[in-house]
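Thanks for coming, everyone. I'd like to walk you through one structure today, going residue by residue and then stepping back. Please have a look at the screen first.

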Amino acid sequence: MRKFLLSTLFVVLPAAVAFAQSAEDTAKARMAYFELLGFEMHGLAAMAKGEVDYDADVAMAHAKDLKALTGYTISDLFAPGTSNADLPGKTRAQPAIWENMDSFQEKGKALFVAVDELNAAAGNGLDALRPAVGKLGAACKGCHDDFRAKDF
Ligand code: HEC
């Protein structure tokens, strides 16, 4: 099942599917998806940094939501023709994504692994949560460094 998800998650769809939505709407939906990832991550990071008190139920809820988000098939959000070369000023997704899909998928896998480990750790106290959040943050950054432009 995991293998199936991984192999379908970042696959580039045929043009017929890709152009069912306008390129701009696709980029908007993509950013909204990542906003949700960022929202859940923010709550976890605040706990890991001690800005808010550790709460096992809250931590687990964030972890579960991240797990749900990694179950979302995002291939259509990465339709061809939606990079920042195609839509200047409207997205930060770099053409490198489509040119190095294998490497991009590896970064996606690292996210999957980190989210699974987070789910195992989140309810086990702050000392367990901290390293799991650190690993998750590294997975986010690992992809952003290579594939997300710094500015619009
Ligand atoms: C496999 C690659 C990849 C991984 C892993 C990844 N991101 Fe991103 N992220 C992107 C790309 C590409 C964009 C740019 C999307 C765009 O502008 O169209 C982005 C954009 C974002 C944005 C900005 C959204 C906006 O409205 O402009 C946030 C916030 C974000 N990511 C958070 C996260 C968090 C938090 C994680 C880890 C839990 C994460 N991302 C993991 C590739 C990734």
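Let's start with Leu37: at 12% relative accessibility it counts as buried, because the cut-off for that word is under 20%. Keep in mind as we go that this is a predicted model. You'll find Leu37 in helix H3. Which residues does Leu37 touch, once we leave aside its neighbours within four places in sequence? The answer is Leu66, Leu69 and Leu111.

Buried or partly exposed? Leu36 is partly exposed, with a relative accessible area of 45%.

After H3 comes Gly50, which has a positive phi, near 80°.

Let me step back to the whole fold for a moment. How many helices and how many strands does the protein have? There are seven helices and zero strands, so to speak a run of α-α-α-α-α-α-α from the N terminus on. The protein has 152 residues, and 36% of them count as buried. If we take contacts between residues at least 6 apart in sequence, 76% join residues at least 24 apart.

In soluble globular proteins, nonpolar side chains tend to be buried together. Here the largest nonpolar core has 31 residues, and those with the most contacts inside it are Leu44, Leu66, Leu118, Leu129 and Leu136. Which helices supply at least two residues each to this core? They include H3 (23-48), H4 (56-70), H5 (96-99), H6 (101-121) and H7. Take Leu136 as one of the core residues: not counting residues up to four places away in sequence, Leu136 touches Met41, Leu44, Leu66, Leu111, Ala114, Val115 and Leu118.

Ala122 is in the loop between H6 and H7, and its relative accessibility is 0%, so Ala122 counts as buried. Its contacts, leaving aside neighbours within four places in sequence, are Tyr54, Ala56, Ala59, Met60, Ala63 and Leu129. From Ala122 to Asp57 the distance is 8.6 Å, C-alpha to C-alpha, with the pair 65 residues apart in sequence.

The other is Thr91, in the loop between H4 and H5. At 1% relative accessibility, Thr91 is buried too. What does the side chain of Thr91 make a polar contact with? The partner is the side chain of Arg30, at 2.9 Å. A polar atom of the Thr91 side chain also lies 2.9 Å from the backbone nitrogen of Ala93. Beyond four places in sequence, Thr91 is in contact with Ala27, Arg30, Met31, Thr82, Ser83, Asn84 and Phe152.

Now for the iron. Which residue is the only protein donor of the iron atom of the ligand? That is His144, through NE2, at 2.0 Å. His144 is found in helix H7, residues 126-147.

The structure holds zero disulfides.

Last stop: Arg148, in the segment after H7. Arg148 is partly exposed, at 37% relative accessibility. Leaving aside neighbours within four places in sequence, Arg148 is in contact with Arg92, Gln94 and Cys143. Arg148 and Ile97 are 51 residues apart in sequence, and their C-alpha atoms are 8.8 Å apart in space.

That's my tour, and I'm happy to take questions.

Technical notes. Residues are numbered from 1 along each chain as its sequence is written. This is a predicted model: local features need pLDDT of at least 70, side-chain atom pairs count only at pLDDT 80 or more; totals for chains, interfaces and linings use all residues. Side-chain values use heavy atoms; hydrogens and water are left out. Donors are N, O and S atoms within 2.8 Å of the metal (3.2 Å for Na, K and Ca); water is not among the atoms, so sites may look incomplete. Helices (H or I, at least four residues) and strands (E, at least two) are DSSP runs, numbered from the N terminus. A disulfide is a pair of cysteine sulfur atoms within 2.5 Å. A nonpolar core is a set of buried Ala, Val, Leu, Ile, Met, Phe, Trp, Tyr and Cys residues joined through side-chain atoms within 4.5 Å. Buried means under 20% relative accessible area, exposed over 50%, partly exposed in between (1.4 Å probe, protein chains only). Contact means heavy atoms within 4.5 Å. A polar contact is a pair of N or O atoms within 3.5 Å; within protein, one must be able to donate a hydrogen and the other to accept it, and residues adjacent in sequence count only if both atoms are side-chain atoms.
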